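Open the model in your viewer and keep the selection tool at hand.

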Amino acid sequence: MGDALSSSTPAAVPAHIAIIMDGNGRWAQRRGLSRSEGHRAGTRAAKAVVIRARELGVRHLTLYTFSRENWSRPKEEVGLIFDLLVEYMKGELQNLLDQDIRLRVLGDFDGLPFIARQSLSHVMGKTENCRAMTLNLALNYSGREEILRACRNLVAKGVKPEDVTDQAFAAELYTAGQPDPDLIIRTSGELRLSNYLLFQAAYAEFYFTDTLWPDFDAGELDRALAEYQGRQRRFGKTGEQVTG
Ligand code: IPE
Ligand code: IPE
Ligand code: MG
C-alpha cells in the first residue's frame with residue numbers, strides 16, 4: 001500500500017508484479033496431454049519467470065497458484081497441484097537461497113493440506129532473511145475473503161471507525177508491508193480478475209495476453225514490462241500534471 005498511490009511516474013521496473021497464471025489445462029488439451037501435464041509445464045514456466053523477474057530487479061512477485069474456488073476442481077487435479085507444489089519447494093529451496101529470494105504465502109494457510117503446509121513453512125523459514133525479491137504464492141486465496149478477514153481483525157482489535165484508514169486496513173491484508181501491484185498480468189486470453197488482489201489492484205496497470213501460461217517465458221515477461229513502461233499512470237491527475 002502507499003507506494004503506488006504516492007508516485008505518479010512509472011518506475012523503470014515495477015516494484016510489484018502480480019500474475020494470474022492461467023491456461024495450463026488448455027495448453028495440455030491442445031497437445032492431447034492430461035491436465036496434469038499442463039500443470040507440470042506451468043511449473044516450469046513459473047521457475048523461468050521467477051528468475052527473470054529477479055534479474056530485472058522486481059522486488060515483489062506474486063503468483064496466483066491456487067484460488068479458494070479451485071477446490072471445486074476434481075480431487076485428482078487438486079491433489080496433483082499440491083504434489084507439484086511440494087516438489088517445487090524441494091527442488092527450488094537452494095535456488096531461492098542462491099538468488100536471495102524470500103518466499104511468502106498469501107491466503108488461508110491453515111486450510112492447505114498438511115504436507116503443503118509443512119514444505120512451505122520449511123522454505124519460508126529458510127528464506128526469511130532473503131532480501132533481493134519477495135516471491136508471494138497466492139494459495140487457497142480469495143480477495144473477498146482477504147478483505148472480510150481484514151474487517152474481522154480490525155473489529156476484533158476494537159479499532160474505532162475513524163481509525164479504519166487505508167493504511168490500517170492494508171496492514172491487515174496478507175500483503176501487509178508490501179507495495180500494491182504496479183502491474184497485473186493474466187495469460188490465456190481471459191479478461192477477468194477471478195477474485196485476485198481486489199483491494200490492492202486499485203491502481204494497477206493490466207496486461208492481458210493470449211499466450212497460455214506454460215508458454216509464458218522470460219521474453220514474454222520482457223514484453224509485458226515494455227508495454228507497462230509505455231503507459232502513463234495518472235492516479236487521478238490530468239495527463240499534463242503527470243508529464244509536468
Ligand atoms: C491455471 O490453469 C492453473 C490453475 C488454476 C491452478 P488452468 O488449470 O485454469 O487452465 P485452463 O484455464 O483450464 O486452461
Ligand atoms: C485463476 O484461474 C486462479 C489461478 C490462476 C490459480 P482460474 O482458471 O481458476 O480462473 P477462472 O475460473 O477461469 O475465472
Ligand atoms: Mg483457468
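Select helices α3 and α8: their crossing is right-handed, meaning that the near helix is turned clockwise from the far one by less than a right angle, with anticlockwise counting as left-handed. This is a predicted model, where local features need pLDDT of at least 70, side-chain atom pairs count only at pLDDT 80 or more, and totals for chains, interfaces and linings use all residues. Residues are numbered from 1 along each chain as its sequence is written, chains are lettered from A and ligands numbered from 1 in the order in which they are written, and side-chain values use heavy atoms, without hydrogens and water.

**α3 and α8**

Helix α8 covers residues 218-229. Helices here are DSSP runs (H or I, at least four residues), numbered from the N terminus. The α3 and α8 axes lie 9 Å apart, at an angle of about 45°. Axes are lines fitted to C-alpha atoms over the stretch in contact, and angles run from 0 to 180 degrees between N-to-C directions. The pair is therefore oblique; angles under 35 degrees count as roughly parallel, over 145 as roughly antiparallel, 65 to 115 as roughly perpendicular and the rest as oblique.

Now show side chains. V49, R52, A53 and L56 of α3 meet A218, L221, D222 and L225 of α8. Contact means heavy atoms within 4.5 Å. Six of these residues are nonpolar, none polar and two charged. Ala, Val, Leu, Ile, Met, Phe, Trp, Tyr, Cys and Pro count as nonpolar, Asp, Glu, Lys and Arg as charged, and the others, Gly among them, as polar.

**α3 and α4**

On α3, pick R35, S36, H39, R40, T43, K47 and V50; on α4, pick E77, L80, I81, L84, E87, Y88 and E92. That contact holds five nonpolar, three polar and six charged residues.

**Along α4**

Center on E92. A kink of about 50° sits there, taken between axes fitted to the seven residues ending at a residue and the seven starting there. Step just past α4 to D100, where phi is positive, about 60°.

**α4 and α5**

Finally, select residues 75-98 (α4) and 114-126 (α5). Their axes are 9 Å apart, at about 10°, which makes the two helices roughly parallel. Their crossing is left-handed. Contact residues include F82, L85 and M89 of α4, and I115, L120 and V123 of α5.
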